[in-house]
Amino acid sequence: MADEAKSKGNAAFSSGNYEEAIKHFSEAIALAPTNHVLYSNRSAAYASLHKYNEALQDAKKTVEIKADWSKGYSRLGAAYVGLGKYDDAISSYKKGLEFDPSNEALKSGLADAQAASRSRAASSPFGNIFQGPELWAKLTADPKTRLYLQQPDFVKMIQDVQKNPNNINIYLNDQRMMQVLGVLLNVNLRNATSEEDAFEHTSSPKPQQKREPERQPETQPEPMDIPDEEKEKKARKAEAQKEKELGNAAYKKKDFEVAIQHYSKAMDLDDEDISYLTNRAAVYLEMGKYEDCIKDCDKAVERGRELHSDYKMIARALTRKGTAYVKMAICSKDYEPAIETFQKALTEHRNPDTLKKLNEAEKAKKDLEQQEDFDPNLADEEREKGNEFFKQQQYPEAIKHYTEALRRNPNDARVYSNRAACYTKLAALPEGLKDANKCIELDPSFTKGYSRKAAIQFFMKEYDKAMETYQEGLKHDENNQELLEGVRRCIEQINKTNRGDISPEEMKERQAKAMQDPDIQHILSDPVMRQILMDFQENPKAAQDHLKNPDVMHKIQKLVSAGIVQVR
């Protein structure tokens, strides 16, 4: 249930519905309160809504539950940055890098936090007013700036100034930034000049009346130029969007050359929207011009970072680049740049489609590696070397050669059987059981696989399961002495338990293991079987009638073999 709520939360987060994501992550946390990933995801959702205090609490809970998980410290650092606590952010990022020194997200976060810390030290005149969570509350409260918060480029602008206060000089020509300064400083910047003039000339009102008309023509030309520039810029952007739409229409018709022309023209008109580049890259991908696709994706990533574009757009460019690498792949090594690119895309935005492409690329690489390494002759040589070490009781060395043999030929059931024997000798029973099961899966008629598996189950004191395995093997070779001897030993142990010839501690241990068996749990949870077991104690005659049913008889025998029921 928690996984279902988590999936819904991830889907809502990916679509930008952060409130909905928080709701689903909270439901998942209620069902799985010790799952560190859920707190991490909710922290990211809170941070996306600029609720940095809540994001900080979830980030702290994440590293409390999983102290060695590097991503938790990335969440912690991001929350501290949002609160303007750069020193704490730097400490968090450094702590995360101790666990994962190559993590690009942590390195990038640390660099941003250090840059922001240095900028604060440089003391921009407006730096302090952009720090702290109250900034967003003030902007939300003002009717004009509240509308600006719906504009992604405005939010990016404010976040940039938060990280580096000195960057405010870049945005002073933006009327929205002037409005923000007015709200944060609690002054009306637009009327400041006229109010100052009125103050200077209060002692001589007549000159004031004469000078006001003279000053107005001087101040008119400057503001008049700004709207013209903005109008021209907006017109170019609108024209670029039209070209993009024409390109999209041509792309759908598979008229790729025309689509490229429209996307290229859109880029000439507006170089501040990287979607034109990523769209053109998609066309090159469809045309099989993979090198051109990769070049456009690289340009989109580089330009996107310069413009502080939406991380989803950068992730899209990286995913498209990775797809191009996959299309170009011929051997297993060719998948390495694709896998690396998909991983980078996921650090920008954890998109399900990108994750699927990553998994497919990793699987394709593994499959090709197996094909490239396949050599039955070399596999036989390695198997023989392993056999020699096994005879010398050098089991770890034998395992190395058997493993190499399987790399050269992963379909040889004999090698899995031999390696299972090594693991059994080293008391690595789970590993041995896994190899024995694989041996049987590859060759169900190979009786050695059944004897290996049953021997491991016997050592684990699962005598009922061991006997079933021996009996399964006997179906393929009814005269196999090793299997027959195994059945005899299992019956001896089961009878020993029924006679009470084992210690109470051994009995408890055996029963505890049996209760973990899903088959035993199913039998004991069956109301009919519970009634039959009660009849054995209270109504023996009725119990005898039950035993005439083969299915009931089989289940009773299974409970007896497991030590759950004892026959006196």
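## Basis of the model

The structure is predicted, and local features need pLDDT of at least 70, side-chain atom pairs count only at pLDDT 80 or more, and totals for chains, interfaces and linings use all residues. Residues are numbered from 1 along each chain as its sequence is written, and side-chain values use heavy atoms, with hydrogens and water left out.

## Cysteines

Across the whole structure, the search finds 0 disulfides, a disulfide being a pair of cysteine sulfur atoms within 2.5 Å. Burial is judged by relative accessible area: buried means under 20%, exposed over 50%, and partly exposed in between, with a 1.4 Å probe and protein chains only. C439 is buried, at 0% relative accessibility, while C331 is partly exposed, at 29%.

## Helix 22

Helices are DSSP runs of H or I with at least four residues, numbered from the N terminus. Helix 22 covers residues 395-408, which is 14 residues. The expected span of a helix is 1.5 Å times one less than its number of residues. For helix 22 this gives 20 Å, and the end C-alpha atoms are 20 Å apart, in agreement.

The buried residues of helix 22 are Y395, A398, I399, H401, Y402, A405, L406 and R408. Their cover includes helix 20 (352-373), helix 21 (376-391) and helix 23 (413-425), where contact means heavy atoms within 4.5 Å.

## Salt bridges within helices

The whole structure holds 38 salt bridges, each a side-chain nitrogen of Lys or Arg within 4 Å of a carboxyl oxygen of Asp or Glu. In helix 17 (residues 290-307), R303 and E306 lie 3 residues apart, about one turn of the helix. Their side chains form a salt bridge at 2.9 Å, N to O, and R303 is partly exposed at 23% relative accessible area.

Helix 20 contains D367 and K363, 4 residues apart and again about one turn. An α-helix has 3.6 residues a turn, so residues three or four places apart point the same way. The side chains of D367 and K363 meet in a salt bridge of 3.0 Å, N to O. D367 is partly exposed, at 29%, whereas K363 is exposed, at 54%.

## Other salt bridges

D68 and K66 form a salt bridge whose closest N and O atoms are 3.7 Å apart. D68 is partly exposed, at 45% relative accessibility, and K66 is partly exposed too, at 32%.

A network of salt bridges links D380, R383, E384, D412 and R414.

Terms used:
Helices (H or I, at least four residues) and strands (E, at least two) are DSSP runs, numbered from the N terminus.
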